[in-house]
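Have a look at the fold before reading on.

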Amino acid sequence: MRLLIIGASGVLGSRLYNDVIKRKWNVLGTYFSQECEGLFYLDLKDRKTVDKIFNFFKPEVVVCAGGITDVDLCEKRPRLAREVNVSGTLHLVRKIKEYDAKFVFLSTDYVFDGKNGPYSEETSPCPINIYGKTKLEGEAIVRDSLDDFLIVRTAQLYGVDHRNRNFAVEIIRNMQNNKKVYAADDFYCTPTYVGTLSEAIVKLIKSDKRGIFNVAGSDFLHRYAYISLISDIFSLDKSLIQKLKLKDLHLKAARPRKAGLKIDKLVKEIKIKPLNCKDGLKLLRKEMS
Ligand SMILES: NC(=O)c1ccc[n+]([C@@H]2O[C@H](COP(=O)([O-])OP(=O)(O)OC[C@H]3O[C@@H](n4cnc5c(N)ncnc54)[C@H](OP(=O)(O)O)[C@@H]3O)[C@@H](O)[C@H]2O)c1
């Protein structure tokens, strides 16, 4: 099976790329701005680069882990967010149809308003920021155009990230450098270990599942509890954590306060073992040491 991973230089994409190489899958991965050995350049905004990769590799399965994932950047540059996350999805879908491939589209719990999460796959989305809106538009394009698709929604990913773009890694690095970190105790999530997400994607592809699947960790906790747990596992100085409310962070984009995802469907259908935050962070500690 020929697997194409868009965004193989990102947190999820790089983990999935390495996991499937170990399984000896035939894989091609792409990067955008961070050139990585073995990866090919692709810009989702540029149809020609998408066409070139598809015509060269002729993928049978395509995972899109690429796009603009910075929630505040999406708010600042909505046109760019739409060009990459929405038009980019259209470019992919057009070629996926031509090659009759399966599409695995990565989405987010930010498609919800966060009034009463965690959410199941059945809840109707209602995004409150540009990032969530572009991801939901991407989902709609996939659902309306293809039969063989997976929409994998995930939440608050943590994993090895050499560029410190990942929330947990950023917190760890800041605290290790004695910098204060700010933690809202009214902002909830279901942190997800990237290894679990990668494993779930492999299992969903292998069992030829279709439709929407949530993939997340088993704990639903607010940021203050999450950061406190990070500081316990990584033996960091807790006095650096400043507790506050979400509104005090003055973030550019509105955040769904109680988002997060329920994973009952995933556990039932692909028999994956849900990972709690403590065990996931211990795995991260091992990988970072
Ligand atoms: N991180 C989270 O907490 C989280 C939560 C919910 C859902 N998700 C979803 O999960 C997926 C993976 O997230 P992640 O955290 O692994 O992402 P990430 O680390 O931010 O990586 C994003 C990837 O997209 C690539 N990219 C950026 N602009 C591009 C463009 N114009 N054309 C092609 N590729 C482009 C990047 O390439 P370069 O680095 O080479 O520029 C990188 O490989 C995304 O769909 C995201 O929406 C993430």
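Y226 is buried, at a relative accessible area of 0% (buried is under 20%, exposed over 50%, partly exposed in between, with a 1.4 Å probe and protein chains only). Keep in mind that this is a predicted model, where local features need pLDDT of at least 70 and side-chain atom pairs pLDDT 80 or more, while totals for chains, interfaces and linings use all residues. Residues are numbered from 1 along each chain, and side-chain values use heavy atoms, without hydrogens or water.

Y226 has a ring partner in Y158, which is buried too, with 1% relative accessibility. Y158 sits in strand 7 (157–158) and Y226 in helix 8 (223–233), so their pair ties together parts 68 residues apart in sequence. Helices (H or I, at least four residues) and strands (E, at least two) are DSSP runs numbered from the N terminus. Y158 and Y226 also belong to one aromatic cluster with F167 and Y193.

In total there are 11 aromatic pairs; rings of Phe, Tyr and Trp (its six-membered ring) pair when their centres lie within 6.5 Å, and planes under 30 degrees apart are stacked, over 60 edge-to-face, the rest tilted. Here are two of them:

| Pair | Centre to centre | Angle of planes | Type |
|---|---|---|---|
| F54 and Y99 | 6.3 Å | 35 degrees | tilted |
| Y158 and Y226 | 6.4 Å | 55 degrees | tilted |

F54 in helix 2 and Y99 in helix 4 are 45 residues apart. F54 is buried at 0% relative accessibility, whereas Y99 is partly exposed at 23%.

Finally, the second largest pocket has a lining of 18 residues, with A8, S9, G10, S14 and H162 nearest its centre. A pocket here is an open set of points on a 1 Å grid over the protein atoms alone, where a 1.4 Å probe fits, with protein on both sides within 12 Å along at least five of seven lines; lining residues have an atom within 4 Å of a point. Helix 1 (11–22) gives the most to this lining, with five residues.
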